[in-house]
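Hello,

Here is the structure for your files. My notes on it follow below.

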Amino acid sequence: MDIAKYIATAVILTSVFGGIKETWVIYVGGMSAISVTLIGGLWLLRDKKKGEK
């Protein structure tokens, strides 16, 4: 989940300081990477029911 925060920070800083004209590419790529890492982190932290390995 920390990786999602780092990616979000990188996307924001890149859009502010970068001279890229097509910022939508950064936002779409960043949002998809944030979603994947956040979902992966939450999946790893899920609670298991009793009796499961």
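A residue counts as exposed when its relative accessible area is over 50%, as buried when this is under 20%, and as partly exposed in between. Lys5 has a relative accessibility of 51%, so it counts as exposed. Please keep in mind that this is a predicted model.

Overall make-up. The chain has two helices and zero strands. Of its 53 residues, 11% count as buried. The accessible surface of the chain is about 4700 Å², and carbon and sulfur atoms account for 69% of that surface.

Salt bridge. The structure contains one salt bridge. Its partners are the side chains of Asp2 and Lys5, at 3.0 Å from N to O. Asp2 and Lys5 are three residues apart in helix H1, which covers residues 2-17, so about one helical turn separates them. On the cut-offs above, Asp2 is partly exposed, with a relative accessible area of 44%, whereas Lys5 is exposed.

Nonpolar patch. Which residues form a nonpolar patch on the surface? They are Met1, Leu38, Leu42 and Leu45, and together they have about 380 Å² of accessible area. Leu38 belongs to helix H2, which covers residues 23-44. Membership of a patch requires over 30% relative accessible area; Leu38 has 36%, which makes it partly exposed.

That covers the helices, the salt bridge and the patch.

Regards

Conventions:
Residues numbered from 1 in each chain as written. Predicted model: local features only at pLDDT ≥ 70, side-chain atom pairs only at ≥ 80, totals over all residues. Heavy atoms only, no water. Patch = residues over 30% accessible without salt bridge, like charges linked within 9 Å, V, L, I, M, F, W, Y side chains within 5 Å. Areas by Shrake-Rupley, 256 points an atom, 1.4 Å probe, with all protein chains shown as cover. Salt bridge = Lys/Arg side-chain N within 4 Å of Asp/Glu carboxyl O. Helix = DSSP H or I, 4+ residues; strand = E, 2+ residues; numbered from the N terminus. Buried < 20%, exposed > 50% of the residue type's maximum accessible area, 1.4 Å probe, protein only.
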